[in-house]
Amino acid sequence: MNIHEYQAKEIFRKYGVPTPRGGVAFSGPEARKVAEELGGNLWVVKAQIHAGGRGKAGGVKLARTLDEVEKIAEEMLGMTLVTHQTGPEGKVVKKVYVEEGADIKAEYYLGMVLDRALEMPVMMASTEGGMEIEEVAEKTPEKIVKVAIDPTIGFQPFHARKLAFGLGLGKDEQKEFIKFAQALYNVYMDNDAEMIEINPLIKTGEGKFLALDAKMGFDDNALYRHPDIADMRDLDEEEPTEIEAKKYGLSYIKLDGNVGCMVNGAGLAMATMDIIKHEGGEPANFLDVGGGANPDTVAKGFEIILSDPNVKSIFVNIFGGIVRCDRIANGILQATEKVEVNVPVIVRLDGTNAEEAAEILRNANIKNIIPATDLKDGAQKAVKAAKGEL
């Protein structure tokens, strides 16, 4: 689960991670009121969406008068912001964050993620603050300093010093940075975060460090331990079909392709998407029906896949172990009764009760259902069907 910048900064402040003062607003007059309460003569109005790259897309603007704050907020609210992370459809801005201006002497990048290979959290820092970290990693990876932190010993001063040296900080600046980095580690660990990104982390003219931006993502499986964070969830920022899928215990992620996928098991689902790509197609989704699939959940899976107008074919790839193939077959038939299946459905069922499942589908005599002999055959047929060549 992701949260907005203003919510992440609320959490930061609880742990002593310094941030500029600010407030959220849902209208131009509210934005003006926030700016009045902050005082000063320079403010930043920021669109609040779950995506990076807001500045380049016009979602972060400076204002030097209260009238400008109100005008900018009114222009941002309701606009569709398109960034490299939103996709071409963009995201509608429904709230803005008004923040006091800051005295920026230098900009850095600071973030934390879980390194699954090392099985440890990693803190990263770079002198290239304000840049997209993916671009820095690709073009100048030597400018990213990383430290892996063993949770059994926690964050130590030597971790922070390595990062500080990499940023070229002086002795006095290192003391401030070490306190900042330690507090950020506590935020990450205490809240079961999956990712924290501060871009930019700024150094002010007084040598203080401030989180000028903040992004946080959390482990969904740990949210039961953090009801206060779970309450921060903004469903408006999430894909409606993904929300609907969760209600039925389906693991669904919408993608940009045209070959719908229905698979059991995350590993097989990833392999299915890989082979679709290998055969020249583009998967439209990740959908794992899980081990407890039944006709109702399979039918719901079809409904969700078909709600995407880009889907031109569906590849059902089931290996029957815990979930029986005949259940999947009955789910497919049930789906055809509930929703209009107007695209070719390529079906590869193998494992428990595969023969019974094949018999069920043959007897149904539905023209859109096309059997596949194996994984490769199924992927080839699904890609051809999506291109209108089958």
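Which residues in α9 meet which residues in α13? In this predicted model, Thr272, Ile275 and Ile276 of α9 are in contact with Leu375, Lys376, Ala379 and Val383 of α13. The residues of this contact comprise five nonpolar, one polar and one charged. Helix α9 covers residues 266-278 and helix α13 covers residues 375-386.

Two packed helices are described by the angle between their axes and the distance between the axes. For α9 and α13, the packing angle is about 55° and the axes lie 9 Å apart. The crossing of α9 past α13 is right-handed.

The crossing of α5 and α6 is right-handed.

On the α5 side, the contact with α6 involves Ala160, Arg161, Leu163, Ala164, Phe165 and Leu167. These residues meet Gln174, Phe177 and Ile178 of α6. Sorted by class, the contact of α5 with α6 contains seven nonpolar residues, one polar residue and one charged residue.

Technical notes. Residues numbered from 1 in each chain as written. Predicted model: local features only at pLDDT ≥ 70, side-chain atom pairs only at ≥ 80, totals over all residues. Heavy atoms only, no water. Axes fitted to C-alpha atoms, helices over the stretch in contact; angles between N-to-C directions. Helix = DSSP H or I, 4+ residues; strand = E, 2+ residues; numbered from the N terminus. Left-handed = near helix turned anticlockwise from the far one by under 90°. Contact = heavy atoms within 4.5 Å. Nonpolar A, V, L, I, M, F, W, Y, C, P; charged D, E, K, R; others polar.
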